[in-house]
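Reader: I am new to this structure. Please show me how to read a few of its features.

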Amino acid sequence: MLDDAGLQALREAARFSPDNLPLRRHLADQLLTKGYLAEAEAEYRAALMLAPQDPGITTGLAEAFTRQSSYGAALSILEPHLAAPGYPPRMGVIAASALLGEGDMAGAGYRYHEAVSRDPSAADPDLAARLAAPPVVTPPQPVVAPPDLPHDTSAEVERSRFTFADVAGMDAVKEALRIKLLLPLQQPELFAAFGKRAGGGVLLYGPPGAGKTHLARAAAGELGAAFVNVGLADILDMYIGSSERNLRAVFEMARRNRPCVLFFDEVDALAARRSDMRQAHTRQLVNQFLAELDGVDESANEGVLVLAATNAPWYVDVAFRRPGRFDQLVFVPPPDAAARAAILRLLCRDKPLAEMDYDAVARITDQFTGADLKGLVDRAVEAKLQQSISAGRPIPLSTPDLLAVARQVKPTAVREWLATARNYVMHANESGAWDELMPWIKGAR
Ligand code: ADP
């Protein structure tokens, strides 16, 4: 495997020859092998712009997504390829891994065996073992956080049971959302007096798992508004014209259910820079999205609050940032120690607990996101359940349980994301768009 100096040389070479496809692809593969997932993702995306249908690059990008737990994103780029017979077996194995991540054991098993029967060298023993393992027993207690919704083919209207009280820390982000989204609807006279109209959207960006979706859902609950969560798979369709229809349908659904928070996850895939788009029909989708955001007339989107989230804001076309569209960028940072303690407290409420010292756990979980902490608590609870079953009585969860799990896991998503962000925005902040991010990436390498 390449050492770090070799990797750095490859990065430099790719920077000088951005259109050299084999080079970019090689760099992406090396980054993936070395576990620089966010950076590998960025490189595969760039390579895909040069060769949009390439199955090998698509498979690489899907693997980068899957290893960052973005299973829906992985599946939505694989699906058009998987629909045709004879797709590369390695692609089938990655699809199986993403399906397993989404909890579709049967679909994962089918894909895996189909792929390996065609090419035994594509086998992945770890994945095979996970496919054969009995399903994990989850404790029968109230769920604190919403389950990650499977990506349906069509979005649905939800009523959120979460409010900002369920979002730990993030005071600055909540305040920004309050001013932008909630106050104009709650106090329209005040805003009218200053000549401000409600409307326009907010683009939340930050590392995966930092809580962007959770925040959007909580904003809907805070406002008593309906919530429509739109994933990529709800929109993207392999047939030309269908994606535009799907997009129109979700906007119409939101308008019928106003007040409504319409939330687009992974929006960079829908709103990528038009200059990056090689295919006319993808450009058409971007234009359609812009037209829906603007509305046919002034009142078309009244009471519809559009929120979007992205891990890769630098891919979003600047046209989306004009007034009335996603005119506010809000950085959702990884939680600091106080926020981590608050998230842990939230995640553990409703569980049988001993005396807890959340600050101690927060101190050793630097760089953990909200999602990582949720994973940590889930693992500790599972272990406790096993112990309780053996002991024949409930044993409450304690601080050492959380500390033990925290010492075993080393999340890398935040570090990698900040390094990627640094590459993109360090030299491109003339407009001040990335000011909020600067203090975070100064120290990143
Ligand atoms: P993102 O959309 O940024 O990838 P999510 O919103 O899906 O991240 O976060 C994953 C999970 O982490 C959420 O379902 C929630 O349980 C938990 N979480 C993240 N941030 C917070 C927070 N500030 N307070 C409470 N829970 C959080």
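Reader: Which residues of H6 are buried?

Author: A caution comes before the list: this is a predicted model. Buried means under 20% relative accessible area. In H6 the buried residues are Pro89, Met91, Gly92, Val93, Ile94, Ala95, Ala96, Ser97, Ala98, Leu99 and Leu100.

Reader: How should I read that list?

Author: Start with the general idea. An α-helix has 3.6 residues a turn, so residues three or four places apart point the same way. Now the case here. Of the 13 residues of H6, 11 are buried, so the helix is largely enclosed by the rest of the structure.

Reader: Which helices do the buried residues of H6 pack against?

Author: They pack against H4 (55-67), H5 (71-82), H7 (105-118) and H8 (125-132).

Reader: What span should helix H6 have, at 1.5 Å a residue?

Author: H6 covers residues 89-101, and its 13 residues should span 18 Å. The C-alpha atoms at its ends are 19 Å apart, which agrees.

Reader: Which residues line the largest cavity?

Author: Its lining consists of Ala38, Glu41, Ala42, Arg45, Gln68, Pro208, Asn311, Ala312, Trp314, Tyr315, Trp417 and Thr420. Two elements give two or more residues each: helix H3 (37-50) and helix H19 (413-425). H3 supplies the largest share, four residues.

Reader: How does the lining of the largest cavity divide by class?

Author: Seven of its residues are nonpolar, three are polar and two are charged.

Reader: Now one residue. Where does Gln328 lie?

Author: Gln328 is in strand E6, residues 328-331. Its relative accessibility is 27%, so Gln328 counts as partly exposed.

Reader: Which residues does Gln328 touch, not counting those up to four places away in sequence?

Author: Gln328 touches Ala176, Lys180, Gly201, Val202 and Leu203. Take Gln328 and Leu177: they are 151 residues apart along the chain, and their C-alpha atoms are separated by 9.6 Å.

Notes: Residues are numbered from 1 along each chain as its sequence is written. This is a predicted model: local features need pLDDT of at least 70, side-chain atom pairs count only at pLDDT 80 or more; totals for chains, interfaces and linings use all residues. Side-chain values use heavy atoms; hydrogens and water are left out. On a 1 Å grid over the protein atoms alone, a cavity is a set of points where a 1.4 Å probe fits but cannot get out, and a pocket is an open set with protein on both sides within 12 Å along at least five of seven lines; lining residues have an atom within 4 Å of a point. Ala, Val, Leu, Ile, Met, Phe, Trp, Tyr, Cys and Pro count as nonpolar, Asp, Glu, Lys and Arg as charged, and the others, Gly among them, as polar. The expected span of a helix is 1.5 Å times one less than its number of residues. Buried means under 20% relative accessible area, exposed over 50%, partly exposed in between (1.4 Å probe, protein chains only). Contact means heavy atoms within 4.5 Å.
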